[in-house]
Amino acid sequence: MDRYEYDSHHLWIQRRRRRQKRQRLLLAAGCFLLAGACTAGAFLFQKNQDPARPVRSSQPPIVIEAPSPNNPGTENPVPKDSGSVIIVDSPVGRLLSEADTIAAGYDYDRAIDLLKNSEYASEPSIAEAISAYESTRSSLVKAKIGEITHVFFHSLVMDNSKAFDGEDDSDGYNQVMTTAGEFEKILQAMYEKGYVLVRMHDLAYETTDENGNTVMKPGTILLPEGKIPFVMSQDDVCYYPYMSGDGFATRMIVGEDGKPTCEMKIDEETTLVGSYDLVPLLEDFIQQHPDFSYKGARAVIAFTGYEGILGYRTADKYAGSETYEQDRKEAARVAQCLKDNGWELASHSWGHLMMGEIDMDRFRTDTDNWENQVDSLIGPVDIILYPFGNDINDWHPYTFENERFSYLYQAGFRYFCNVDSNPHWIQIGDNYLRQGRRNLDGYRMWKDITAESEGRERKLADLFRAEDIFDPDRPTPVPEM
Ligand SMILES: [Zn+2]
């Protein structure tokens, strides 16, 4: 394909013929339409897609008319859901809309500051908005940090027919992966229950106590009554070579709008750009539902280093290859883009190892490899998500007597995650935070679906009903681990 093809369902973005045509398309279609089309395009390859599955619609934006020059727009009501509103040419309207988007993400302080410090602070509509935000702020409830759940995913299956094709990898994908359709349903279900995404760094923060010691303290998360904070992470965002051709994105890139997005290689000639994995799909969802993200929070994105990160072959073993230098440059740029957009980055160890089991020499080498090959690209990180959930200690608090903890601590890690299927497990030690994470994959959902018939307890009931989410394209039963 060497041209653009655009219809009501599919937006094909060609890599070769580009800039001018693309800009024309952007102008013509508008960002909102584009966002909807990209998402629809994302599901182009789900051949057995559930026909009832709602494709995210490209709702036309609400346009508020420009006020007359004599009226700065103070009488225009600004709808609360400003995520889908374009205000045309009204300074006050635009200001209110901006404040409203910030307030939708629960940052009432910043919304109030923005209005108070503006040149329109004395306008009645601005004063009204300030007092409304102040009133909401005073009704916020402090979240119980110890009850915050953490869910995680791997790379999302974008093409079910390729992932579940009966080849060797199929069973593994069926167990540990989540399909894009399932992910979108999970977001919607959790959103409807009142879940709000927070950062790991919102749960606890490092500070200096009165004796000058560096300590970890629980954070303060303030949300309206009924809202439930949760953390999300994604493991192995490396797009490993073995996944190629199996229906996954191929790498992450910086989109034209400055936000992270994905490439998906379909065949030798065709590479599509769009929402082909968790990062852009979650960006799309928050764009539509700004109240799903607390103060701009995004998920934690974790990498190993033995192949490289984000689909770029940045590991030392590729040094000297034709693409190595360029890949390192691009990977660093995408990592920075993720950080700039609120994503937290994390280690998943360098070699995807059992960090609690391997011998200490290997443990040290692996941690050093992480620092040399990945930190050097993405900057220091302080979160580690243990591969296989294999923790370096049992439930007892970490101490410096544990040489693995000491080694990770000196390497800069402060937030440590194992895997635990209970709704929440958090331990805030003197100088670290530890949290259990829950896999929302085919295996876990199948366990919930078969729970009653096998006399087990459902583990996901606080989040959603697995039957409502489970992709009908999955072969069943999902194999035992
Ligand atoms: Zn992993």
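**Close-up views of a predicted model**

**View 1. Helices H7 and H9 pack with their axes within 11 Å of each other.** In this predicted model, H7 covers residues 180-193 and H9 covers residues 278-288, and their axes cross at roughly 35 degrees. The crossing of H7 past H9 is right-handed.

**View 2. Here are the residues where H7 and H9 meet.** From H7 come Ala180, Phe183, Glu184 and Leu187, and these meet Leu278, Leu281 and Phe285 of H9. Sorted by class, this contact has six nonpolar residues, one charged residue and no polar ones.

View 3. Is Ser275 buried or exposed? Ser275 counts as buried because 29 C-beta neighbours lie inside 10 Å, where 20 or more are needed. Take a look at Met252 as well: Ser275 and Met252 are 23 residues apart in sequence, with their C-alpha atoms 9.9 Å apart in space.

**View 4. Strands E8 and E9 form a hairpin.** E8 runs over residues 204-208 and E9 over residues 214-218, and the two pair in the antiparallel sense through five bridges. Across the pair, Thr208 stands opposite Thr214 of E9.

Technical notes:
Residues are numbered from 1 along each chain as its sequence is written. This is a predicted model: local features need pLDDT of at least 70, side-chain atom pairs count only at pLDDT 80 or more; totals for chains, interfaces and linings use all residues. Two strands pair if DSSP finds at least two bridges between them. Helices (H or I, at least four residues) and strands (E, at least two) are DSSP runs, numbered from the N terminus. Axes are lines fitted to C-alpha atoms, for helices over the stretch in contact, and angles run from 0 to 180 degrees between N-to-C directions. A crossing is left-handed if the near helix is turned anticlockwise from the far one by less than a right angle, and right-handed if clockwise. Two residues are in contact if their C-beta atoms, placed from the backbone, lie within 7 Å. Ala, Val, Leu, Ile, Met, Phe, Trp, Tyr, Cys and Pro count as nonpolar, Asp, Glu, Lys and Arg as charged, and the others, Gly among them, as polar. A residue is buried if 20 or more other C-beta atoms lie within 10 Å of its own, exposed if 12 or fewer, and partly exposed in between; C-beta atoms are placed from the backbone.
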